[in-house]
Amino acid sequence: MREVKFIHGTIEKPEASGKNTKLVYNIYEEWERLEDLNFMVRDVVSLAGDIGFIIDKLVEIQYIHVDEIDRGFRFGDEMLTQFLHIIGAESKDTNTIILIRAAPLTLDYSEEPPKGIYEDELIRQSLWLENRGFRNIN
């Protein structure tokens with residue numbers, strides 16, 4: 001049985017002053033052993049199989065982080081646009097699914113943020129993603 005084949009990488013924004021301004025991702029191109037995948041990827045692969053949808057490439061963006069002092073300069077937009085171009089997401093010839101979670105990042109919070117801050121961060125990230133074409137499927 002084949003092992004899960006994936007590519008892991010990071011795109012950094014060197015012009016940004018913050019050292020943690022980056023996009024981190026996994027690209028899955030083959031899978032047979034669903035138990036080797038995380039729950040979100042496993043659920044999407046299973047659902048696609050149930051409805052007969054063939055996924056050519058499944059991309060999991062683990063996180064997009066822009067340092068707080070660099071926010072508002074569209075660095076996140078630039079990284080996302082660059083990334084989507086690199087993976088060929090605009091191509092109509094492949095069935096690519098891109099997944100990302102909205103949640104406070106440990107890069108910004110050393111411990112679990114209080115409930116109100118957590119919810120505010122979740123809403124802020126969700127709106128940012130929805131304005132860039134992502135849809136909430138929870």
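Student: In which strand of the protein chain is confidence lowest, and in which is confidence highest?

Tutor: Confidence is given as pLDDT, the predictor's score for each residue from 0 to 100. In the protein chain the mean is lowest in strand β1 (residues 5–12), where it is 64, and highest in β4, where it reaches 91. This is a predicted model, so local features are described at pLDDT of at least 70 and side-chain atom pairs at 80 or more, while totals for chains, interfaces and linings take in all residues. Residues are numbered from 1 along each chain as its sequence is written, and side-chain values use heavy atoms, with hydrogens and water left out.

Student: What is the mean pLDDT of the protein chain, and over which residues does pLDDT stay under 50?

Tutor: The mean for the protein chain is 81, and 88% of its residues reach 70 or more. Over residues 1–5 pLDDT stays under 50, and for that stretch the model has 17 contacts (heavy atoms within 4.5 Å) beyond four places in sequence.

Student: How many helices and strands does the protein chain have, and what pattern do they follow along the sequence?

Tutor: The elements are DSSP runs numbered from the N terminus, helices being H or I of at least four residues and strands E of at least two. The protein chain has three helices and four strands, and along the sequence they follow the pattern β-β-α-β-α-β-α. When contacts between residues at least 6 apart in sequence are considered, 64% of them join residues at least 24 apart.

Student: What share of the residues counts as buried, and is asparagine 26 buried or exposed?

Tutor: Relative accessible area sets the class: under 20% is buried, over 50% exposed, and in between partly exposed (1.4 Å probe, protein chains only). Of the 138 residues of the protein chain, 35% count as buried. Asparagine 26, which sits in strand β2 (residues 22–30), is one of the buried residues because its relative accessible area is 5%.

Student: Where does aspartate 67 lie, and what separates aspartate 67 from aspartate 108?

Tutor: Aspartate 67 is in the loop between β3 and α2, and it counts as buried because its relative accessibility is 13%. Its C-alpha atom is separated by 8.2 Å from that of aspartate 108, although the two residues are 41 apart along the chain.

Student: What is the phi of arginine 74, and is arginine 74 buried or exposed?

Tutor: Arginine 74 is not a glycine, yet it has a positive phi of about 70°. Its place is in the loop between β3 and α2, where its relative accessibility of 55% is why arginine 74 counts as exposed.

Student: How many residues line the largest pocket, and which lie nearest its centre?

Tutor: On a 1 Å grid over the protein atoms alone, a pocket is an open set of points where a 1.4 Å probe fits, with protein on both sides within 12 Å along at least five of seven lines, and lining residues have an atom within 4 Å of a point. The largest pocket is lined by 28 residues, and Ile98, Leu99, Ile100, Arg135 and Ile137 lie nearest its centre. At least two residues of this lining come from each of α1 (39–51), β4 (96–100) and α3 (115–130), and α1 gives the most, with seven residues.

Student: Which residues are closest to the centre of the second largest pocket, and which element gives the largest share of its lining?

Tutor: The second largest pocket is lined by 22 residues, with Ile64, Val66, Gly76, Arg124 and Trp128 the closest to its centre. Two or more lining residues are given by each of β3 (57–65), α2 (75–86) and α3, and the largest share, five residues, comes from α3.
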